[in-house]
Amino acid sequence: MEELLPKASAVYPGISKWDYVRARAGIRAMPPLTANGSLPLLGCLNDVIGERSNSAFWLVGGLGARGLLYHGLAGKLTAKAVISSDENMIPSEFTCWKAVKASR
């Protein structure tokens, strides 16, 4: 906080009056590199996590730095697959991560 607050205050001075509540950290996983580059990870997770409920679990991830370019396409493809309950609506280039995981 000591390092970031002065830099943030230069852009937005009011931030110096805010109260610090907590901080969280996470990890960033990169999608596998394919012949088409690093593509978003899309698909149904039910076969990966097992039957835990009547609902389907879907993954939209691995957008990385190109997230703004891919988020519309990823959302549209995933929405069509969810509505039809058919993962095959998603091109295999975006679901190939399942084959990589299964082969390990």
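Q: Which residue meets the side chain of Glu3 in a salt bridge?
A: In this predicted model, the salt bridge of Glu3 has a distance of 3.9 Å, N to O. Both side chains belong to exposed residues, for Glu3 and Lys7 are each exposed. The partner of Glu3 in this salt bridge is Lys7.

Q: How many salt bridges does the structure hold?
A: Besides the pair of Glu3 and Lys7, the side chains of Asp47 and Lys98 meet at 3.2 Å, N to O. Lys98 also forms a salt bridge with Glu87, where the closest N and O atoms are 2.8 Å apart. The number of salt bridges in the structure is three.

Q: Is Lys98 buried or exposed?
A: Lys98 is linked with Asp47 and Glu87 in a network of salt bridges, and of these partners Asp47 is exposed, with a relative accessible area of 61%, while Glu87 is partly exposed, at 22%. For Lys98 the relative accessible area is 17%. Because a residue under 20% counts as buried, Lys98 is buried.

Q: How many residues apart in sequence are the parts that Asp47 and Lys98 tie together?
A: The salt bridge between these side chains has a distance of 3.2 Å, N to O. Asp47 lies in helix H2, residues 46-49, whereas Lys98 lies in helix H5, residues 97-102, so the pair joins parts whose separation in sequence is 51 residues.

Q: What relative accessible area does Trp18 have?
A: Trp18 is found in the loop between helix H1 (4-11) and strand S1 (33-34). Together with Val11 and Tyr12, Trp18 forms a nonpolar patch on the surface, whose accessible area is about 410 Å². Trp18 is exposed, and its relative accessible area is 56%.

Q: What share of the 104 residues of the protein counts as buried?
A: The protein is built of five helices and four strands, which run α-β-β-β-α-β-α-α-α from the N terminus on. Its accessible surface comes to about 8,200 Å², with 58% of that belonging to carbon and sulfur atoms. Among the 104 residues, the share that counts as buried is 22%.

Note on methods: Residues are numbered from 1 along each chain as its sequence is written. This is a predicted model: local features need pLDDT of at least 70, side-chain atom pairs count only at pLDDT 80 or more; totals for chains, interfaces and linings use all residues. Side-chain values use heavy atoms; hydrogens and water are left out. Helices (H or I, at least four residues) and strands (E, at least two) are DSSP runs, numbered from the N terminus. Buried means under 20% relative accessible area, exposed over 50%, partly exposed in between (1.4 Å probe, protein chains only). Accessible areas come from the Shrake-Rupley method with a 1.4 Å probe; for residues, only the protein chains shown count as cover. Patches are made of residues with over 30% relative accessible area and no salt bridge: like charges are joined within 9 Å, nonpolar side chains (Val, Leu, Ile, Met, Phe, Trp, Tyr) within 5 Å. A salt bridge is a side-chain nitrogen of Lys or Arg within 4 Å of a carboxyl oxygen of Asp or Glu.
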